[in-house]
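Welcome, and please get your viewer ready. We will go from one stop to the next, selecting a few things at a time.

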There are 2 protein chains.
Amino acid sequence: MEDKGISRAVIKRLPRYYRYLGELLEDHVERISSGELSERMKVTASQIRQDLNNFGGFGQQGYGYNVAYLHDEIGKILGLNRNHNMIIVGAGHLGQALANYGSFARSGFKTVALFDVKPELAGKTVQNIEVHMIDELPEYLHTHHVEIVALTLPKSEAVAVADVLVANGVRAIWNFAHTDLNLTLPHNVIVENVHLSESLMRLSYNLTRQEEQK
Amino acid sequence: MEDKGISRAVIKRLPRYYRYLGELLEDHVERISSGELSERMKVTASQIRQDLNNFGGFGQQGYGYNVAYLHDEIGKILGLNRNHNMIIVGAGHLGQALANYGSFARSGFKTVALFDVKPELAGKTVQNIEVHMIDELPEYLHTHHVEIVALTLPKSEAVAVADVLVANGVRAIWNFAHTDLNLTLPHNVIVENVHLSESLMRLSYNLTRQEEQK
């Protein structure tokens with residue numbers, strides 16, 4: 001794990017920097033000081049200086065960061081400087097919601113197909129992307145270049161389908177099922193789990209704590 | 001912030017313990033040792049002992065944890081021992097996906113209404129839950145007990161709607177819009193941001209790093 005010498009903690013914060021720098025670009029801001037960025041992001045200026053000095057693109061004192069340059073550099077580290085073909089397995093509401101997110105495509109994540117088990121969905125399209133039947137998955141994976149699979153199936157189906165994906169060469173799974181897929185798959189498979197109910201429980205915890213303090 | 005003496009780091013890990021303990025309950029497991037739980041969760045047994053000893057429910061050496069007791073205690077800390085009424089503002093695919101999640105309702109998060117701006121959605125139902133028009137929000141919030149608002153609107157609309165929610169007494173927002181709402185709202189409003197694109201970027205970062213190492 002080389003990471004060009006950048007720590008894991010910094011890497012974790014990069015998507016957020018990338019988002020704020022993108023907003024500045026949209027607002028045609030060319031340069032920004034660590035103090036101004038600190039004000040926007042509610043992170044200390046010294047944290048920002050430490051984090052962003054990993055990437056260069058900072059000028060003299062009083063000059064500030066070059067927004068476009070930093071945005072580009074961080075984008076490259078995150079692998080956003082090229083396209084990634086993605087398929088979505090599970091064409092229910094969540095799968096369709098992901099297919100409809102224009103911002104993923106703009107960041108280079110291109111949804112090329114959806115898959116589902118329900119026969120009534122066969123041949124339907126979501127944003128002009130076709131829904132295939134799940135038994136066509138192995139064939140599809142061998143004849144198309146797919147880098148990322150978003151898995152939006154219930155937990156009861158997700159584990160078995162993940163095994164099929166991995167057996168057919170998939171190396172990166174964006175998992176929305178309520179189970180830690182990374183614990184059951186080979187180590188070289190990258191899994192990013194999105195556990196929505198855990199996020200809701202953190203909200204509930206904070207709400208409960210606030211009520212107790214009243 | 002009293003937290004009954006429990007650290008923030010432990011709190012952050014609680015939803016995951018709660019999930020694993022829930023699975024054990026489903027499998028009719030009554031007791032589990034820290035070693036067995038460690039094996040399942042891929043966390044060290046000593047970390048588990050440190051974390052769970054905050055809640056009692058551990059017996060003599062060789063006895064293990066009482067699964068039902070611990071599950072209950074953690075549930076109480078997370079505020080899951082009572083119901084929370086939730087509304088979903090944004091009845092697109094993502095909002096409908098949330099309304100369809102049976103597991104939220106089983107954890108006590110009861111969706112009581114959806115709201116949207118699109119006139120064609122007025123009066124429709126999702127899982128028997130009615131879709132209202134967004135201009136009915138203030139009236140609804142004053143006549144119903146709503147604790148949590150899931151905000152599944154595009155960023156361009158989310159900021160203004162969040163202001164309306166807060167002006168009408170909402171104190172907890174589960175935000176799916178691509179912006180950090182907590183930075184623009186009063187401090188006493190609890191915001192849990194779910195930034196899906198940041199999760200996708202972490203996946204892309206790991207994929208890129210793995211390819212570089214080949």
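Predicted model: local features only at pLDDT ≥ 70, side-chain atom pairs only at ≥ 80, totals over all residues.

## A walk from strand to axis

Strand β3 (residues 84-89) and strand β7 (residues 148-151) of chain A run parallel and are joined by 4 bridges. Next, bring in the whole sheet of chain A: it is open, has 7 strands and mixed pairing, and reads β5-β6-β4-β3-β7-β8-β9. At its edges you will find β5 (125-126) and β9 (190-193) of chain A, each pairing on one side only.

What packs on this sheet? Select residues 155-167 of chain A, which form helix α8; this helix touches β3, β7 and β8 (172-175) of chain A. Its direction makes about 170° with that of β7(A).

Time to look inside. The largest nonpolar core has 117 residues, and the members touching the most others are A:V149, A:L151, B:V149 and B:L151. Pick A:V149 and show its contacts: beyond neighbours within four places in sequence, they are A:I87, A:V89, A:L165, A:V170, A:I173 and A:W174.

Finally, show both chains together. How is chain A superposed on chain B? A rotation of 180° with 0.0 Å of shift along its axis does it, at an RMSD of 0.0 Å. This is the relation of a two-fold axis. To find the axis from chain A, select A:H93, whose C-alpha is the nearest in that chain, 2.6 Å away. Both copies use the same surface: 100% of the contact residues of chain A recur in chain B.

Methods:
Residues numbered from 1 in each chain as written. Chains lettered and ligands numbered in written order. Pairing = 2+ DSSP bridges. Helix = DSSP H or I, 4+ residues; strand = E, 2+ residues; numbered from the N terminus. Contact = placed C-beta atoms within 7 Å. Axes fitted to C-alpha atoms, helices over the stretch in contact; angles between N-to-C directions. Least-squares fit on C-alpha atoms with pLDDT ≥ 70 in both. Core = buried A, V, L, I, M, F, W, Y, C linked by C-beta atoms within 7 Å. Buried ≥ 20, exposed ≤ 12 C-beta atoms within 10 Å, placed from the backbone.
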